Amino acid sequence: MNIWKPHLGGRSWLGGIAVVAGFFLLNEAFVHGVFGYGLSAYYLRVITLVGISMVLAVSLTLVNGCAGQFSIGHAGFMAVGAYASAAVTHFGGAPFIALLEILPAWPVHTLRLWVSLAVGAAVGGVAGWLVGLPTLRLRGDYLAIVTLGFGEIIRVVLLNIEPTGGALGFTNIAQGPEVPGRSPDQRFALFLEETMFFWVALVATGTILVVGRLAYSSFGRSLAAIRENEIAAAAIGIDTTRAKTTAFVVSAALTGVAGGLYAHYDNYLNPSSFTFLRSVEIVTMIVLGGLGSLSGAIVGAGVLTILPEALRDLTRLFPPSVTAAAPFLASLPDYRMVLYALLLVGLMIARPQGLYGRREWPWLARLFLTRDGEKGVG
Amino acid sequence: MVGEHRMSSAMTVLATKSTTVRFGGLVAVKDLDLAVQAGQVLGLIGPNGAGKTTIFNVLTGVYRPTSGDVELEGKSIVGLPPHEIARRGVARTFQNIRLFGELSALENVMTACHLRSRAGLLATMLRTARHRAEEKEQRDLALALLERFDLAAHRHAPAKSLSYGNQRRLEIARALAMRPKVLLLDEPAAGLNPQESLVLMRQIQQLRDDFKLTIVLVEHNMRVVMGACERIHVVEQGQTIAVGSPDDIQRNPRVITAYLGNL
Amino acid sequence: METLIQQLINGLALGSIYALIALGYTMVYGVLRLINFAHGDVYMLGTFAGYYTALRFGFSEAAPSFVRAALLLLVAMVVCAVAGLTIERLAYRPVRQASRLTALITAIGVSLFLENVGQIIFGANPKFFPQVLPPQQFPVYGAVVITTPDLAILGASLILTIGLHRLVHHTAFGRAMRAIAHDLDTAKLMGIDTNRVIALTFAIGSALAAAAGVLVALRYPKFDPLIGVTTGLKAFIAAVLGGIGNVSGAVLGGVIIGLAETMATGYLPATLNPYKDAVAFAILVAVLLVRPTGILGTTAPEKV
């Protein structure tokens, strides 16, 4: 029951500043610890990866959830964005290193990261446009297959590009190319190590805001119309190809940013991170959460990123005496992917509409919609 | 009220010029000359399979005619995509209702208000003042339309949950939200009970007057057709067999054998 | 010239394998509009079923025999038919009413399950299939030869494909299957036991994949629990290429992908050779852009 209407209130600068400050403090606490209590590097890693997954899932929601189109090739856009932004950082560091001589460090590093991420977004968006324009006239499963095909082609191409490492992977992204006789400049890499949680949290929040605003606007309603009945959508004057392509490009650009974050977080890339299974994983996140629901995408991203890690930790739940008595428990981590698969199938059978259906958390909905005065009937 | 309408200053809004539509070997529409005058309510009738819906699909760009021309306000619209024709002012409803089932009644109508939206994607992302004003404007227009069709109480109900009669009316409200010049109604009385049909019949001319429309109506319910239309175009097997006022048509022997004789 | 003919033979053999697997994708898609992602893993199960049967009965290179090979084929087909039935009953039937994406994710879950259980039960290390066919070569043209495994692949897939074609077009079951493919709800109203037909469709498709699994292992003996991933994907592409839902299309698509792949390996210039893995996808994208429903797929324009 939709009893929300578009949010017509003003902006909240104060809220924005509070969120940024909050993320900054969290970052400091996570990285440096508070009163000696810190977060282990492992947990920080999982949390950061959850944030990147959220960017991926929420941006895919625009295509698969809102517009009802079906892409299972988004790993390709992630890869393109990741490699493009990594390449900018890796090969284009000189001007920033020069700037470091005259300006304080953190604005320079921040600028460098944002330039790289922007390039990732642009290249991802262009890739989305190139793939989307000819293919979006295909319907349903055919579109899915072509996006899958493009995703795989992109991966094979990356495997064979030498300057970015090919099959061996792209190493020392933040340090820049090796210069014989000079030790690599570690400053940017250290900056990233200490601040990536902050950037990921910021981008994830921004993505949710942007996609939410688009989804719950005139544009979003056009996409929903296309999803519900494409012929009727055209009959009321919606340029369906254009709307679908726009959604695809925005989604691919945001996915490109996610790729860029991933590249800068790991400081390493390998084409094998962007297989078709990665695309499937992103799709699974949003279907699990509830297709078309941002809340669902957020939860789906969290569950599917944490679940494999949590299953890895299962054995720690049992004291040594127990595992000694029942040795198969010790080998539980080997079964974690089996459990993961079973959980996936079980969840789909138990909740085919996903965890959230098309619903949103009230607090999230309130960002984009305000409550309508009276209840509807019917 | 039957007879030529006061606004029909003989200005043709929508016309087909010897239009032919072929599907493989099948000729669905043959050499059709259809002319709709501004402000008119034109009835397009004919037995099942006569090609009426095909004609609608040609008028709205869903099908491209095999030969011949289609003109909107004197300009050819052949080859334009459906959305472009819609933007130029041709709205339609569908024989098998095509609403956006999961969307609420209000959202269905709001969706069709997008044509006047000037705020771009960036404005939407930044939620500028203009974007917010437009959202409000669309919402107000949509609410007014729902009110007009007695659907305001159902505005938050998903379209697919509405009763059949309400769905038919919602589809008309959605079409009107585009502020069209021409409205094509494909069997609007199908599935309505006699009482609802009667109301609809009265509403059609009222709509024309209130929204300054030209209306083309495909309908099998002869009471509705004879009561609502000023001019009737009869087709059989894709060809025109008669054009004239309801009185003429009722007396036309060819029409009686081809169509009314079947009743 | 001789190389070309040799490549053609190899390509046809490989293509037949893809075709056999593609048939299962296409049949299931036809009746359920489901991309059965686990199908490639059923093919993997087929190879393992044949392998363990051979071990159990001591079939090996030492005593090659066509009968024994045929026996392995049959056992694998039965095992996988049962596996297909089980998967359909336990995983797919409960989500049949749900959205197609839900069904798709379920299929992906089943696929992950089979791959990971396979790695645990069978071990992740590659195994080698006993070469139970008599190692003979028959001259074809000049130095071109055709080996017994190639002959077996071509012969068996030809027989199975013809058999399937007859089943689909000349039996009551085939009629029921096509009716369901056309409109499941109406078929149900016409008194067709749709559950039974869908289950049988899975069984037949899985049996064909198992046949492919054993046949391929008779020619390329090395296999592991993940062989279904790439082969399955390529076979699926073959099905889409030919026009998914269309039995002849699956065969045609399989042969095209098989030939293209061998030709790419043989003839691509050295600089482009690394890109041969992308060939199947490139063909697919190119064909779909020209014919959005595949080569033999039919467009049913939506009635407005």
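Predicted model: local features only at pLDDT ≥ 70, side-chain atom pairs only at ≥ 80, totals over all residues.
At what angle do the axes of helix H5 and helix H10 of chain A cross, and within what distance do they come?

View 1. Helix H5 of chain A, spanning residues 105-135, and helix H10 of chain A, spanning residues 240-266, cross at roughly 140 degrees, and their axes come within 7 Å. Because an angle over 145 degrees would be needed to count as roughly antiparallel, H5(A) is therefore described as oblique to H10(A). The crossing of these two helices is right-handed, and their contact comprises twelve nonpolar and 13 polar residues, with no charged residues.

**View 2. Packing of helices H11 and H12 of chain A.** Helix H11 (residues 276-289) and helix H12 (residues 294-312) of chain A pack with their axes 7 Å apart, at an angle of about 125 degrees, and H11(A) and H12(A) are therefore oblique to each other. Their crossing is right-handed. On the H11(A) side the contact includes A:Glu281, A:Met285 and A:Leu288, whereas H12(A) contributes residues among them A:Gly296, A:Val299 and A:Leu304. By class, this contact of H11(A) with H12(A) has eight nonpolar, four polar and one charged residues.

**View 3. The contact between chain A and chain B.** Chain B gives 37 residues to this contact and chain A gives 32 residues. Within chain B, helices H2 (82-87), H3 (105-111), H4 (121-126) and H5 (129-148) each supply at least two residues of the side that touches chain A, and H5(B) gives the most, with five residues. That side of chain B has 13 nonpolar, twelve polar and twelve charged residues.

Key:
Residues numbered from 1 in each chain as written. Chains lettered and ligands numbered in written order. Axes fitted to C-alpha atoms, helices over the stretch in contact; angles between N-to-C directions. Helix = DSSP H or I, 4+ residues; strand = E, 2+ residues; numbered from the N terminus. Parallel < 35°, antiparallel > 145°, perpendicular 65-115°, else oblique. Left-handed = near helix turned anticlockwise from the far one by under 90°. Contact = placed C-beta atoms within 7 Å. Nonpolar A, V, L, I, M, F, W, Y, C, P; charged D, E, K, R; others polar.
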